[in-house]
Amino acid sequence: MQTSMQACLIGSDHSLYWGDWEKPTCGPDELLVRIYATAVNRADLLQKRGKYPVPQGASPILGLEMAGTVEEVGANVVNWQVGERVAALLSGGGYAQYVVIPQAMAIQIPDQLSLEQAAGIPEVFLTAYLNAFKLGGLQAGERILVHAAASGVGTAAVQLAKAAGARVYATAGTDEKAEAVRRLGADCVMNYHHQSFKDRIQQETNEQGVQLILDPVGASYWKDNLDSLAFDGRLVLYGTLGGSKIESFDLMAAMLKRIHIMGSTLRGLPQTRKAALTADFVEWAMPMFKSGQLQPIIDSVWDAEEVNEAHVQMERNANIGKLIILTP
Ligand SMILES: NC(=O)c1ccc[n+]([C@@H]2O[C@H](COP(=O)([O-])OP(=O)(O)OC[C@H]3O[C@@H](n4cnc5c(N)ncnc54)[C@H](OP(=O)(O)O)[C@@H]3O)[C@@H](O)[C@H]2O)c1
């Protein structure tokens, strides 16, 4: 039996290369998957530089999601057969030829989607789903502001919020990105380099503000976010692209508006919560992928040998949606 596989390893200069690694073995409640494609996430860029600690028990190999075919089925696994197409959120190990996943994390891929497309679903759609609904409590008819809306998570959040019947306001950093977000159904899109999102939100909402903001930017948006929220508004902070430290801030503003501020990380959630989130997401969202109402937005697909170039694309903020990497 084959005991090694190809996985993407990290060189001393943080560049990536494919080399030999131990092939994982399938436990009784797990599936062994031959990975066809994985996708780039911001966490990968930090992790390869030693700036994102790998959670306890997770594979040190990069990769938070994948799509492939089932190669082996654990003794206790029901409902899965060898050869079936499967996608999953991972706590690591996606940049490799094989991975084992708990059956509770396995997502059946609808016929309408390719494996490349499916590899772009788990991390960003589950993050957006968690933030918009489980934490953010988004309801039909509410107003939501999605920042970095052309990002992987942003393109998922815009679609999920529209599917739930919300009115979607969105920011993006170029006119091309803004246009792409408009095509996803956002009602009002702002290029934040050309206008203040706070002023536009005030204008567009008759100074009422939005009920929910999903924000991966953090410090540099903090004040304008609070000014853009309605009374009783909710802010879900899930990234710090614009910094993590606020120099001075008067907490009265948050108190008087009765703002709810929530932090969110998907990767660090206990496995049981990730499995429950996956189950809820599959039930609610997968039928919409089947019907074509939801779609993973794929910026580009890269061969295994082009993995470093794919990372540069994300580092340059050049992608609209997901960067997919094929495995060897
Ligand atoms: N907490 C979690 O569970 C979780 C899960 C997934 C992702 N994340 C985080 O969410 C963020 C988005 O992830 P992703 O994979 O969707 O990213 P992505 O596709 O790489 O897109 C990120 C985009 O954010 C915008 N941006 C970057 N720096 C900015 C700044 N200083 N101010 C405003 N906008 C900025 C850029 O677009 P523009 O050109 O529009 O500025 C960039 O393309 C990352 O920070 C990631 O670490 C968190």
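Predicted model: local features only at pLDDT ≥ 70, side-chain atom pairs only at ≥ 80, totals over all residues.
Q: Helices (H or I, at least four residues) and strands (E, at least two) are DSSP runs, numbered from the N terminus. Which residue with a positive phi follows helix 6?
A: Residues are numbered from 1 along each chain as its sequence is written, and side-chain values use heavy atoms, with hydrogens and water left out. Helix 6 spans residues 197-204. The residue that follows helix 6, with phi near 55°, is Asn206.

Q: Is Asn206 buried or exposed?
A: Asn206 sits in the loop between helix 6 and strand 11. With a relative accessible area of 62%, Asn206 is exposed.

Q: What is the phi of Asp232?
A: Most residues other than glycine have a negative phi. Asp232 is found in strand 12 (residues 229-237). Asp232 is partly exposed, because its relative accessible area is 36%. Its phi is positive, though Asp232 is not a glycine, and lies near 65°.

Q: Which elements are among those that cover the buried residues of helix 6?
A: The buried residues of helix 6 are Phe197, Arg200, Ile201 and Gln202. Their cover includes strand 8, strand 9 (167-172), strand 10 (188-191), strand 11 (210-215) and helix 7 (222-228).

Q: Which element has the highest mean pLDDT?
A: The mean pLDDT of the chain is 97, and 100% of its residues reach 70 or more. Among the elements, helix 8 (residues 252-256) has the lowest mean, 94. The highest mean, 99, belongs to residues 143-146, strand 8.

Q: What is the relative accessibility of Gly63?
A: Gly63 lies in the loop between helix 1 and strand 4 (65-73). Leaving aside neighbours within four places in sequence, Gly63 is in contact (heavy atoms within 4.5 Å) with Thr38, Asp44, Leu90, Gly92, Gly93, Gly94 and Tyr95. Gly63 counts as buried, because its relative accessibility is 1%.

Q: How far apart in space are Leu62 and Ala96, C-alpha to C-alpha?
A: Leu62 is in the loop between helix 1 and strand 4. Leu62 counts as buried, at 0% relative accessibility. Leu62 and Ala96 are 34 residues apart in sequence. In space, their C-alpha atoms are separated by 8.4 Å.

Q: What is the volume of the largest cavity?
A: On a 1 Å grid over the protein atoms alone, a cavity is a set of points where a 1.4 Å probe fits but cannot get out, a pocket is an open set with protein on both sides within 12 Å along at least five of seven lines, and lining residues have an atom within 4 Å of a point. Grid points are joined across faces, edges and corners, and a volume is the space filled by probe spheres set on the points. The count comes to 1 cavity of 30 Å³ or more. The volume of the largest cavity is about 40 Å³.

Q: How many nonpolar residues are in the lining of the largest cavity?
A: Ala, Val, Leu, Ile, Met, Phe, Trp, Tyr, Cys and Pro count as nonpolar, Asp, Glu, Lys and Arg as charged, and the others, Gly among them, as polar. The lining includes Ala87, Ile107 and Met286. It has 1 polar residue and no charged residues. The nonpolar count is 8.

Q: Which element gives the largest share of the lining of the largest pocket?
A: This pocket holds about 1300 Å³ of space. It is lined by 44 residues, and Arg42, Pro216, Tyr238, Gly239 and Leu241 lie nearest its centre. By class, the lining has 21 nonpolar, 15 polar and 8 charged residues. The largest share, 4 residues, comes from helix 1.

Notes:
pLDDT = per-residue confidence, 0-100. Buried < 20%, exposed > 50% of the residue type's maximum accessible area, 1.4 Å probe, protein only.
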